[in-house]
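Here is a short report on one chain. Keep the sequence and the 3D view open while reading.

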Amino acid sequence: MCDLHPFLDDNPRLVRLLKEVALGHGLHKPTLVLVSHACKLPPEVQRHAARFSLALPSEDELLGIVREEAARWSEQNRNARVRTDNRTLQQVVKNLRGLSHGEARSLARNLICDDGAITQEDLPELNKAKFQLLDLEGAELRVRHRAFRRSRRAGESQALAGRTPGRVYPRQG
């Protein structure tokens, strides 16, 4: 659930519902993930929660990712150089902020692969691709066991490994 924090203050019904989810009984014990820049949980829910932060790449790391992808493209294309300029490169790095390492790498590779260049004309497509990746309308609440199976198959981050069923896991702010 995204940005639930403003509704947690003075809302005993919501707090009770969160606690019921955290204490879920039965065959499917859900895991609820709260995503927020600032999430202070009420004490009755806090004891059923664990906090974790997802580390996103810094601008220096993003620049390194773009340069690695440029070097990879160069190796695969008879050491041809990727064409760009510093201004465009810095705009690309800024546009990649907020993405994971893997997402940034994928978008950087896509910028370069078709013509061996990173140009101003690539920026609108980069932004479109980024917004598609960040689309939260496609997010779904999954039962714990399904999410774990999918994450293992897809080789995703192990950030959820070892989580206890029926606990609320908010993002650290």
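Is R97 buried, exposed or partly exposed? R97 is partly exposed, because its relative accessible area is 41%. The cut-offs for that class are 20% and 50%. The model is a predicted one.

## Overall layout

The chain contains seven helices and two strands. Read from the N terminus, the order of elements is α-β-α-α-α-α-α-α-β. The chain has 173 residues, and 33% of them count as buried.

## The R97 salt bridge

The partner of R97 is E59. The two form a salt bridge, with 2.9 Å between the closest N and O atoms. E59 sits in helix 3, while R97 sits in the loop between helix 4 and helix 5, so the pair ties together parts that are 38 residues apart in sequence. E59 has 32% relative accessibility and therefore counts as partly exposed.

In general, side chains of opposite charge can pair when their charged atoms come close. The structure holds six salt bridges.

R105 takes part in two salt bridges described here, one with E68 and one with E69. Start with E68. The side chains of E68 and R105 meet at 2.7 Å, N to O. E68 belongs to helix 3 and R105 to helix 5, so this pair ties together parts 37 residues apart in sequence. E68 is partly exposed, at 42% relative accessibility. R105 is also partly exposed, with a relative accessible area of 22%.

Now E69. In its salt bridge with R105, the closest N and O atoms are 2.9 Å apart. This pair also links distant parts of the chain: R105 is in helix 5 and E69 in helix 3, 36 residues apart. E69 is buried, because its relative accessible area is 3%, and the cut-off for buried is under 20%.

S74 is located in helix 3, which covers residues 59-76. S74 is buried, with a relative accessible area of 14%. Setting aside neighbours within four places in sequence, S74 is in contact with N79 and A80.

P57 lies in the loop between helix 2 (43-46) and helix 3. P57 counts as buried, because its relative accessibility is 8%. What does P57 touch, leaving aside its neighbours within four places in sequence? Its contacts are L62, L99, S100 and H101. P57 and L96 are 39 residues apart along the chain, and their C-alpha atoms are separated by 9.2 Å.

## Helix 4 against helix 6

Helix 4 spans residues 86-96 and helix 6 spans residues 123-133. Their axes come within 10 Å and cross at roughly 10°. Angles under 35 degrees count as roughly parallel. Helix 4 and helix 6 are therefore roughly parallel to each other.

Which residues meet here? Helix 4 contributes Q91, V92, K94, N95 and L96. Helix 6 contributes L123, L126, N127 and K130. By type, the residues of this contact divide into four nonpolar, three polar and two charged.

Which residues of helix 6 are buried? L123, L126 and K130 are. They cover an arc of only 55° around the axis, which puts them on the same side of helix 6. An α-helix has 3.6 residues a turn, so residues three or four places apart point the same way.

The buried residues of helix 6 pack against helix 4 and helix 5 (101-113). On the other side of helix 6, P124, E125, F131 and Q132 are exposed.

## Recap

Helix 6 packs its buried residues against helix 4 and helix 5. The E59–R97 pair ties helix 3 to the loop between helix 4 and helix 5.

Note on methods: Residues are numbered from 1 along each chain as its sequence is written. This is a predicted model: local features need pLDDT of at least 70, side-chain atom pairs count only at pLDDT 80 or more; totals for chains, interfaces and linings use all residues. Side-chain values use heavy atoms; hydrogens and water are left out. Axes are lines fitted to C-alpha atoms, for helices over the stretch in contact, and angles run from 0 to 180 degrees between N-to-C directions. Helices (H or I, at least four residues) and strands (E, at least two) are DSSP runs, numbered from the N terminus. Angles under 35 degrees count as roughly parallel, over 145 as roughly antiparallel, 65 to 115 as roughly perpendicular and the rest as oblique. Contact means heavy atoms within 4.5 Å. Ala, Val, Leu, Ile, Met, Phe, Trp, Tyr, Cys and Pro count as nonpolar, Asp, Glu, Lys and Arg as charged, and the others, Gly among them, as polar. Buried means under 20% relative accessible area, exposed over 50%, partly exposed in between (1.4 Å probe, protein chains only). The arc is that of the directions from the helix axis to the C-beta atoms. A salt bridge is a side-chain nitrogen of Lys or Arg within 4 Å of a carboxyl oxygen of Asp or Glu.
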